[in-house]
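Good morning, colleagues. Please take a moment to look at the structure on the screen before I describe it.

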Amino acid sequence: MNSNAALTAAVRAGRGERIDWRFRALPPALSGLTLDEAAARRAKLFDDGFFGPFVALDADAMEHNLATMARWCAKRGIALAPHGKTTMAPQLFARQLDHGSWGITAANAGHMRIYRAFGVARILLANQLVDPSALRWLAGELAADPDFEFVCWVDSVRSVELMTEALAGAERPVDVLVELGGEGGRTGVRDAATALAVAEAAAKSPVLRLRGTGGYEGALSHHTDEAALAKISSYVDSLRDATITFAEKGLLADGPVYVTAGGSAYFDRVVDELTKPWPDGLEVVPILRSGAYLTHDDGFYREISPLGEHRRITGVDSFRPALHAWAQVTSKPTPELALLTAGKRDLPYDEGMPEPQLLRKNGVVTELTGHSVPKLNDQHAFLELPEGSPVEVGDWVRLGLSHPCTTFDKWSLLPVVDTDGETVVDFVRTWF
């Protein structure tokens, strides 16, 4: 099988899952149908009994984002291993791989187990892995499947020692990258001397192979002024410096060298640095790990993405938001306040409040301006109404969402809608 065939087959097999009460927003009329049978019905969100609130994906916007990112990465000569934690949807992993992605990034061992259950053949774990149980499981996966490729991070000599101990006797070595951190960041070594010590330890381990460096720049800033962007570039440049040092000291294993960074906020600066010329003889595969590009958003990434509302990349279309919620107005206790049937259990709120965008009244959809959601309770959104607001009990409000990473985890099955925003053409299953 090629690198995507097993995943494609597993996703196809999963389409036989039948809809029932577990998927709280789906209409009873679709119960008992498989996902494929339900998609073929082309049900309407508002006319065919869907229970609000619900979050829906825009098919056209997702395809636009997939194609846009794939073309840009190919043009810049960068490999893309999108972070699967954003969606935890193998169906969407398959589409990303179909668009040329190099692999899929994971955040922890639980993610890896799900990925492997669906046949993902190349996994980049953007984290350390020191749990003996998980390492023994990984060794078994590598031994059972010679086509399975895996790489993770190390950021301490101790982590190298723990991995070496747990992997003793493993049939295949585990590829690792030295993770570099930064001031104000998360994990990762903080200085060149420590990085070198970790690299030397990894190179000496009988069960590890040092393949390069990795890190995450997104934790270093949430701004896009020149000082912030310069800080990002300097950090990514440190990955280059460390990789070159490791190569000069003969610490890197034979084969391609991996250098990886890149969330969804600063991938332009990451690519600018990682695609600079490398020393002769150093075969570097620069890998970007952006995940939120797939759906983009109407908040954090709209503001900060290089292909968002304030583009930093020219000659390329901006991403389009592909993730929206619909909630019904169930109460209007004062002329200034309405309550919607969606709250913290349904919508993201860690990177900004939902944004009221559209009003659906008596089947007619119009723009909704001048309204805001200042806070959420568990199951309610507080909708502030300006003077003369047309919002009444029974109406529906479409909400733009900020931060897809904390949206998908709230929904195990999401409808995918056509360009009219109401006709359901597919369903996406998530596994959190």
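This is a predicted model: local features need pLDDT of at least 70, side-chain atom pairs count only at pLDDT 80 or more; totals for chains, interfaces and linings use all residues.

The unreviewed UniProt entry annotates residues 322–418 as "domain: D-serine dehydratase-like".

Let me turn to the chain as a whole. Its secondary structure comprises eleven helices and 18 strands. The radius of gyration is 23 Å, close to the 22 Å that the globule rule gives for 432 residues, so the chain is as compact as a globular protein of that length. Along the principal axes, the C-alpha trace spans about 70 × 50 × 35 Å. Of the 432 residues, 55% are buried. Among contacts with a separation of 6 or more, 71% are between residues 24 or more positions apart.

Next, helix 10, residues 267–274. Why is this helix described as largely enclosed by the rest of the structure? The reason is that seven of its eight residues are buried. Among them are Phe-267, Arg-269 and Leu-274. The buried residues of helix 10 pack against helix 3 and helix 9, and also against strand 8 and strand 9.

Finally, consider Leu-97, which belongs to helix 4, residues 90–98. Is Leu-97 buried or exposed? Its relative accessibility is 16%, under the 20% cut-off, so Leu-97 counts as buried. Beyond its neighbours within four places in sequence, Leu-97 is in contact with Asn-4, Leu-7, Trp-102, Gly-103 and Ile-104. Val-271, one of the buried residues of helix 10, is 174 residues from Leu-97 along the chain, and their C-alpha atoms are separated by 20 Å.

Terms used: Residues are numbered from 1 along each chain as its sequence is written. Side-chain values use heavy atoms; hydrogens and water are left out. UniProt positions are given in the numbering used here, feature names are shortened, and annotations may be inferred rather than shown by experiment. Helices (H or I, at least four residues) and strands (E, at least two) are DSSP runs, numbered from the N terminus. Buried means under 20% relative accessible area, exposed over 50%, partly exposed in between (1.4 Å probe, protein chains only). Contact means heavy atoms within 4.5 Å. The radius of gyration is taken over C-alpha atoms; the globule rule is 2.2 Å times the number of residues to the power 0.38.
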